[in-house]
Amino acid sequence: MPNKTQEYLNLAQQTAKELTRYWENWTDYLTTASRLYKYSYADQLMIYAQRPDATACASFDLWNNRMNRYVRHGSKGIALLDQSSSVPRLHYVFDVSDTGVRRNSRDPEVWQLGPDLVQPVSEMLAREYGVRHERITQQIADICGKLVDSYWDNNSGDILDIVDGSFLMDYDEAGQEFQFKSAAAISITYAVLERCGFEPEGHFDRDDFQAIFSFSTPAAVYALGTAVSECSRDVLRNIERTVKTTIRRRNVERSQYEYEQQERDLLDRRGLPAPEPDPAPAGESTGQIRQTAPDLPDEASPGAVQFDAPVGDSASAPVGSGTDRREPDAADHAGTAEAEPGSEQRAASDGVGAAHEQPESTGRGTGDERADLQLSFFDAHIPTEVQQIEKIDQAESEKSPSAFVLSQAEIENALRRGSNVEGSKLRIWKIYQLQPDRKLRAKALAKEYAPYGPGGSSHTYLDGSSGWLDHDSKGLTFEHYPDHQKVLLRWDRVEKYIDLMIQSDRYLSDKERRSIDFPLELNAASAAEYTALKAQHPDTLVGFEAGGNFMFYGEDAAKVAKVLNSALFTRETALGEAQVTGFPPSLWARKSKELWSAGNDVYLAGLNEDGTHHQTKHLHKEDYLPIGSIINMDGRKFRIDGVDFDKGKVSLQDMALADLRMPIFREEPLSVVRELYEQQDEALDAAPEKAVDYKVGDDVVVDLPTRTIEGKIGYVGETDVRIDTSAQGQSWDNEVINKRQFEDGLRQNEQVTTQPDDTVKTVAIYPAEENRMPYDIVIQTIGSKSPTLDAVEPERSTLELAGNFHITDDDLGVGGPKQKFARNIEAIRTLFQLEQEHRGATAEEQQVLSQYVGWGGLADAFDPGKDNWAKEYAELKGLL
């Protein structure tokens with residue numbers, strides 16, 4: 001008789017077999033898995049088999065010790081298989097519905113994607129995955145497809161090893177890849193949309209899940225389920241993190257606003273003037289600041305119920321191992337933890353949702369069968385309800401009622417003070433404007449706060465209690481009186497908090513923002529020069545050097561501030577009142593590239609000694625990824641067909657398939673293609689090239705991929721060349737281009753005069769719909785005209801023109817398919833002869849050409865499977 005562990009192994013096998021038998025079974029499983037997305041596929045399968053309506057599971061000890069909840073009498077544990085060692089073991093968890101609450105009990109934290117959170121989540125997905133779309137549901141679907149492609153690239157070998165015995169054997173390797181990607185992409189999309197509350201059940205049907213039926217063995221289902229679990233977990237964890245961080249930030253903003261309002265009310269009652277307020281607008285959330293309800297943690301506690309149960313054979317689909325870890329965000333301070341199953345025990349999940357009502361499935365067994373297998377409350381030596389309650393209440397009574405909790409609002413309140421050194425906040429603000437490296441920022445903060453070693457000052461907390469704020473080489477230490485409890489916030493954490501405050505415009509007060517020294521020095525003459533330059537480049541972001549910065553004005557300033565996340569000010573200038581922002585000249589290369597990569601034309605006008613301006617850099621967005629450029633990807637050549645900066649996508653045409661007249665395109669993230677493009681540029685830089693002679697004063701014509709520049713060389717530097725393009729002498733009428741690009745353009749001009757000219761002439765185009773074929777038929781002639789031959793044989797350099805021809809045959813086109821085929825072939829051969837002999841057609845040859853009737857109705861000539869057309873197919877293939 002099999003022991004209990006073997007029975008659960010059999011249950012897992014049987015459930016896996018039934019998952020893909022009906023598409024309703026699979027979507028039921030996906031609904032359960034979407035709530036428990038931090039578990040592995042193997043654990044999700046076991047929970048689904050026993051408790052498909054489970055929402056949040058954890059070990060017995062965790063419910064008692066951390067959540068202060070007791071497990072109810074008669075509850076049935078959910079068995080999970082732990083095969084991390086040679087001897088399989090059973091590990092039991094309980095659903096939240098199995099637990100009871102006390103006064104101090106805590107609920108698992110539940111996140112929901114409300115309408116007010118869609119925008120920040122969509123923006124995060126665009127940054128994280130390089131996929132943008134106006135509808136978040138379609139954005140999620142596109143991301144899931146992208147993740148599946150990546151998963152296949154990394155795991156295709158393992159996936160192809162499990163096809164034996166399944167319906168996947170009916171396909172070749174390409175078909176197996178297609179089936180896997182189709183099944184995985186739709187399943188991941190379904191799970192993610194379900195967890196986000198988009199109710200996908202009503203939008204998908206059996207046809208959408210057609211590919212899952214090929215996964216007909218437990219091993220095949222395991223491969224598919226693992227892919228779905230890992231990829232959906234990746235997306236949902238990022239969404240969860242963004243939702244929680246956004247809500248916490250909004251709560252902090254609201255709390256700070258309410259605190260400042262109370263302070264103003266108090267001062268008003270006392271007849272005192274209100275201090276300059278810090279900017280902390282009311283957030284969108286209506287909740288108060290509270291201690292965050294924790295997610296359920298990773299590992300099972302040492303007291304988790306386990307049994308040794310040696311068995312001879314284990315299931316063919318073992319429990320996966322490994323779980324992602326992350327560095328906590330600034331908003332995660334104060335000890336909150338993500339609910340992530342541990343690599344060994346998989347004890348917890350925080351996905352809490354409504355129970356999924358569904359009929360019993362043969363794959364999961366009947367309710368009685370599951371009850372027989374599941375751990376009963378009395379199957380192990382675990383405390384009774386009364387014992388658990390006594391333990392929970394005793395632990396609560398031992399806690400100090402005045403326990404000091406350092407909230408994010410308290411931290412930000414302290415950081416707004418700056419250090420004890422005068423002017424520290426503005427210096428800290430400038431650190432974030434000039435230094436992109438987070439580690440170097442943290443070091444700079446330590447130096448700013450403790451320039452002469454450890455120090456400190458008294459501090460008043462938001463609730464009116466007092467304490468002390470210390471700063472040394474380790475970080476900021478908050479001490480609370482009278483209990484003298486201390487909390488250390490290290491400098492890397494301080495750096496993240498200040499970064500979040502600056503990005504949210506909560507660090508500087510209105511008065512401090514107005515006092516920022518942003519010298520404009522835009523007099524009437526330079527204002528006129530700027531106005532003329534902007535008129536010349538109306539759709540370009542124009543940076544104008546003034547007062548030690550490259551300054552942007554008006555709408556340009558707003559766009560630049562959004563891309564660079566820089567401060568935006570309203571100032572009275574020689575242009576009138578305008579929004580302004582900018583960056584130091586020392587950062588122009590990096591900052592201008594950031595603007596360029598966001599799909600902007602950028603023009604930087606540097607300051608001359610006489611007060612006029614010259615072109616420092618002019619970046620054209622079409623040069624960021626020139627259309628028509630060739631890149632190498634996955635061992636193939638692709639032509640850049642289009643660039644969508646808004647969506648962060650690049651359309652690529654497969655050149656190998658293009659040569660076969662098959663216009664096949666694919667989309668890739670803009671950042672990926674740009675990186676490949678830069679790598680190829682670096683490789684070209686390293687290759688030896690023919691030297692090009694040029695000097696200042698030379699008249700040149702430089703052909704670039706997107707435009708042609710004509711003018712006089714005005715300056716030659718180490719990396720750039722300036723070409724003066726104006727005869728009127730305006731200082732900004734010039735082009736500064738990369739030196740390598742400039743030399744490549746000169747070499748291209750030299751090659752034009754020495755290399756043969758290839759000529760491509762389209763003879764005929766036959767649309768697919770007319771030929772009843774899946775592709776258009778294009779007939780072209782390709783010739784090469786050599787300058788040398790032209791000089792020797794000028795009489796053959798051009799085609800002889802034929803006389804006009806008038807069709808007089810009333811029976812033109814009459815005949816059977818093979819007669820029409822023979823006339824078409826004769827016409828094509830005649831055309832080739834005329835091209836080769838560089839002459840026009842005689843009257844007799846014109847008569848032959850007029851018999852060409854196209855390929856409509858002659859589809860059999862292109863089908864290698866038509867035996868009665870085999871001769872004609874071979875003849876046509878050899879000719880074309």
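In this predicted model, Asn-68 sits in the loop between helix H4 (60-65) and strand S2 (69-71). Most residues other than glycine have a negative phi. Asn-68 is not a glycine, yet its phi is positive, at about 55 degrees. Asn-68 has a relative accessible area of 6%. The cut-off for burial is 20%, so Asn-68 counts as buried.

A positive phi also occurs at His-484, again in a residue other than glycine, with a value near 55 degrees. His-484 belongs to the loop between S9 and S10. Its relative accessible area is 47%. Buried residues fall under 20% and exposed ones over 50%, so His-484 is classed as partly exposed.

The loop between S9 and S10 also holds Pro-482. Most peptide bonds are trans. The bond from Tyr-481 to Pro-482 is cis, and its omega is near 5 degrees.

Strands S9 and S10 belong to an open sheet of four strands. The strand order is S7-S8-S9-S10, and the pairing is antiparallel. Strand S7 (455-460) and strand S10 (485-490) form the edges. Each has a single partner strand, so one side of each lacks a neighbour in the sheet. From one strand to the next, the twist averages 20 degrees. Strand S8 (residues 466-471) and strand S9 (residues 475-480) run antiparallel and are joined by five bridges.

Helix H11 (residues 408-415) lies across S7, S8, S9 and S10. Relative to S9, H11 runs at about 115 degrees.

Helix packing was examined for two further pairs. Two packed helices are described by the angle between their axes and the distance between the axes. Helix H2 (residues 23-35) and helix H3 (residues 41-50) pack at about 110 degrees, with axes 10 Å apart. Angles of 65 to 115 degrees count as roughly perpendicular, so H2 is roughly perpendicular to H3. H2 contributes Asn-25, Asp-28, Tyr-29, Thr-32 and Ala-33 to the contact. H3 contributes Tyr-41, Gln-44, Leu-45 and Tyr-48. By class, the contact of H2 with H3 has five nonpolar, three polar and one charged residues.

Helix H5 (residues 118-129) and helix H6 (residues 136-160) cross at roughly 25 degrees. Their axes come within 11 Å. Angles under 35 degrees count as roughly parallel, and H5 and H6 are therefore roughly parallel to each other. The crossing of H5 and H6 is left-handed. On the H5 side, the contact residues are Val-118, Val-121, Ser-122, Leu-125, Ala-126 and Tyr-129. They meet Ile-136, Gln-139, Ile-140, Ile-143, Lys-146 and Leu-147 in H6. By class, this contact of H5 with H6 has nine nonpolar, two polar and one charged residues.

Overall figures complete the description. The protein has 26 helices and 26 strands. It comprises 880 residues, of which 48% count as buried. Among contacts with a separation of 6 or more, 65% are between residues 24 or more positions apart.

How values were computed:
Residues are numbered from 1 along each chain as its sequence is written. This is a predicted model: local features need pLDDT of at least 70, side-chain atom pairs count only at pLDDT 80 or more; totals for chains, interfaces and linings use all residues. Side-chain values use heavy atoms; hydrogens and water are left out. Two strands pair if DSSP finds at least two bridges between them. Helices (H or I, at least four residues) and strands (E, at least two) are DSSP runs, numbered from the N terminus. Axes are lines fitted to C-alpha atoms, for helices over the stretch in contact, and angles run from 0 to 180 degrees between N-to-C directions. Contact means heavy atoms within 4.5 Å. Buried means under 20% relative accessible area, exposed over 50%, partly exposed in between (1.4 Å probe, protein chains only). Angles under 35 degrees count as roughly parallel, over 145 as roughly antiparallel, 65 to 115 as roughly perpendicular and the rest as oblique. A crossing is left-handed if the near helix is turned anticlockwise from the far one by less than a right angle, and right-handed if clockwise. Ala, Val, Leu, Ile, Met, Phe, Trp, Tyr, Cys and Pro count as nonpolar, Asp, Glu, Lys and Arg as charged, and the others, Gly among them, as polar.
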